[in-house]
Each structure stands twice: as structure tokens, then as C-alpha cells.
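Biologist: I'm new to this one. Can you show it to me and walk me through it?

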Amino acid sequence: MTQADLDMKRLGNFGKKIGGILNGAAAALMISVGHKVALFDTMSDCGPASVEKISELAGLDKRYVREWLAAMTTAEIVEYDSNRDLYTLPAEHAAMLTRSAGPRNQSLYMQYIPLLAQVEDQIVHHFKNGGGVPYSEYTTFHAIMAEASAARFDALLINTVLPLVPGLIDELSDGIEVADVGCGSGHAINVMGATFPNSKFTGIDFSEEAINVARTESEAMELGNVSFQVQDAASLTGSDEFDFITTFDAVHDQAKPRDMVRGIFNSLKPNGYWLCADLCASSHLGENLDHPIGTFGYTVSCMHCMSVSLAYDGEGLGAMWGAQQAREIFTDAGFEVEEVARVDGDAGNNYYVCRKPALK
């Protein structure tokens, strides 16, 4: 193809798009840095300020702060008054970038970009040779996941998410047996344990590192009704053990997700509920073309969720496995999917309300 064969308008538009992608990727890295050193929180509280003032308030090196501010200004995240040499984080931007924003804080998710970049060479290797990258290579994954999910749990879990299950709040108040499978660092189960002292809670995860974090938090909260165990979610052997089970973004990256779901089914008492939160998407690419974070979802899937599953000779469902495939797997295990709910404040997840039918 020669230059004359090209649609120059289309070429120019694509060039602008590529430039936007490059700038966006760079901005994601800078937003991640800004979150980790609390620059957004600092700027939200101080109003229009100089580099010197922002650096002093944040306790950071002025030269680095100046360069970061330049990146954030050209990314149109921070506003710059060139006449007074002052920088401002608009309130509307702070509402999506600061810790006080809770689950709306998008800077939490920017941290996944540098995390994924750490394993790029390994992902390239597996493109050529198959297999996947194990959990152990994602050195900060549990910390990032815990921070992001904690913001969501603190804001939504008790008053918004749990009431999706019919009659659950009254049952938890009276006292039932609950498990969180794939609990990670355990914040969800600790929040539930603190709120419902008459119920007993068990957190289950295969990562000893994550379980240690969960236990430390539980001990600090002095929770006598919460316990944790290190166990592969695919090896659940309980029989009618729990009244209620939760999983939060834990099914799609399992090596054996169908075994996990069957284990959850077997571990529930008849008429017990399983509440499963997982990424909101379709199982069909054509229906995800307008997905607001579709590219991010498929990228995280390729470079983490799918790859981690394949590393353990797993199915490799991936993060964008979608509602249709979820329903299929859940009903095949014996569940009745009573509702697929969405929750204000958590745009990224579907909440599947699944019931184990009573014995006939």
C-alpha cells in the first residue's frame, strides 16, 4: 500500500487517537504516583497553591512535585494559573481522585497499570509459549486490591449490598454461619463480623500472605466471631455448613472456577444464598464494544486474571467472562439465579443473588 492509497483524514484521526492513548497511559502512571504520595488529598484541602506550598504540605521533594504538576496540568487534571504560578485541583476532580471519595476514587485503579507493567516481559513469554504468570509475581496485587475493595466495602457493603439478599439482614442480626470464599485480605468479612456480632464468619483464601493481613486486622478490631483459613477455593469440602456465602471478584481468575462454584453450592444449607460480585460485562465481545472500561477490563484479564488461572493449568475464564457464562456455570452447579443486580456506587460489578434450592 502506497501513501496515495491511504485515507489521509482517517490516518490523521487515528494519529490523534494514538497520541491520546499514549498521553492517557502516561497520565495513569502519574495519577498512581499522585495517589501513593497523597498529592491529590493534599491539593484537595489547600486550594490554589504554589509548588512550594504543595510540596511543604505533602512533605515531598519540590522538584518532583513540580514535574508531576506539569504532567497533571497537561492532562487537564490540575488547573494552572500562569499569572500567579498557582495550581488547583478542582472540586469535581477531587471527588474522583481523593481518598475521601471512597469507592468513586479512580486513582485506586490507576495503580493496576504499573503493576501490570511489571510482568509485561513474562506475559510476552507466555504469548509465545503458553501458560501463565502465577500470583506470586504480582508483588503488590493484594495491597492494591485490598485498598480498592475496602473503599467499596466501607461505603456499600452493609447498607446497600447485603440487603440485596431477601431477609438476610434480620438473619445476620439473629445469628447465622457465613463464609467469604476468596476473601483476600479479609476486610469484607471483618466489616460483616463487626456489624453482626451474633453471627459467625469464616474467611477462606489460598494466599497465606493475604490471610495473615486479614487476621491482623481482625485482631486489631477484637473480633471474636471471625476466623480465617488458608484453603484453595476449588477444594471446598463442606456439606450444608453455611447459611450464607459471599465472593467478591473471586470467581473469574480461579484455576477451576466450576469446582469452586460446586464447592460453594455443597457448602450451603438448603435455601441458603450465595452473593457473588463479579465484573459487569457480556460474554460476547460484540456487546462490550461500548463498555466504559472495556479496554481496561480485557487488558487486566490478559495480563492478570486469565494469566494467573492458566499458570495453574486452569480454565482461564478472564475478567470479561460475562453474565451469560456466569449464569451458565452457576445454574450448572445447581443454583437458582434469582437476580443479577447493579448497585449505585459500584459501576464495575454485577451482583448475582443465587439460592440453593431446598431438598425435594
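Modeller: Let's begin with a term. Buried means under 20% relative accessible area, exposed means over 50%, and partly exposed lies in between. Keep in mind that this is a predicted model.

Biologist: Okay, salt bridges. How many does a search of the whole structure find?

Modeller: The search finds 13 salt bridges. One of them joins Asp41 and Arg99, with the closest N and O atoms 2.7 Å apart.

Biologist: Where do Asp41 and Arg99 sit in the chain?

Modeller: They link distant parts of the chain, 58 residues apart. Asp41 is in helix H2, residues 39-46. Arg99 is in the loop between helix H5 (91-94) and helix H6 (107-110).

Biologist: Is Asp41 buried or exposed?

Modeller: Asp41 has 16% relative accessibility, so it counts as buried. Arg99 is partly exposed, with a relative accessible area of 39%.

Biologist: Which residue does Glu336 form a salt bridge with?

Modeller: Arg355. The closest N and O atoms are 2.6 Å apart. This pair also links distant parts of the chain: Glu336 is in strand S8 (residues 336-343) and Arg355 in strand S9 (residues 346-355). They are 19 residues apart.

Biologist: And how accessible are those two?

Modeller: Glu336 counts as partly exposed at 36% relative accessibility. Arg355 is buried, with a relative accessible area of 16%.

Biologist: What does Arg84 pair with?

Modeller: Arg84 forms a salt bridge with Asp81, and the closest N and O atoms are 3.0 Å apart. Arg84 counts as exposed at 53% relative accessibility. Asp81 is partly exposed, at 26% relative accessible area.

Biologist: Which residues are linked in a network of salt bridges?

Modeller: Glu52, Lys62 and Arg66 are linked that way.

Biologist: New topic. How many residues are in the largest nonpolar core?

Modeller: That core has 33 residues. Those with the most contacts inside it are Leu157, Leu162, Phe244 and Tyr351. Helix H9 (residues 141-161) gives the largest share of this core, 5 residues.

Biologist: What does Leu157 touch?

Modeller: Leaving out residues up to four places away in sequence, Leu157 touches Arg152, Leu162, Pro163, Ala188, Val191, Met192 and Phe248. There is also a second, separate core of 27 residues. Among its members are Ala179, Ile264, Cys276 and Cys354.

Biologist: Is Cys46 buried or exposed?

Modeller: Cys46 is buried, with a relative accessible area of 16%.

Biologist: Last one, backbone angles. Which residues should I look at?

Modeller: Look at Glu76, among others. Its phi is near 65°, a positive value in a residue other than glycine. Glu76 is in the loop between helix H4 (62-74) and strand S1 (79-81). It is exposed, at 65% relative accessible area.

Biologist: And what is phi for Glu222?

Modeller: Phi of Glu222 is near 55°, positive in a residue other than glycine. Glu222 is in the loop between helix H12 (208-220) and strand S5 (226-230). Glu222 is exposed, with a relative accessible area of 72%.

Key: Residues numbered from 1 in each chain as written. Predicted model: local features only at pLDDT ≥ 70, side-chain atom pairs only at ≥ 80, totals over all residues. Heavy atoms only, no water. Core = buried A, V, L, I, M, F, W, Y, C linked by side-chain atoms within 4.5 Å. Buried < 20%, exposed > 50% of the residue type's maximum accessible area, 1.4 Å probe, protein only. Helix = DSSP H or I, 4+ residues; strand = E, 2+ residues; numbered from the N terminus. Contact = heavy atoms within 4.5 Å. Salt bridge = Lys/Arg side-chain N within 4 Å of Asp/Glu carboxyl O.
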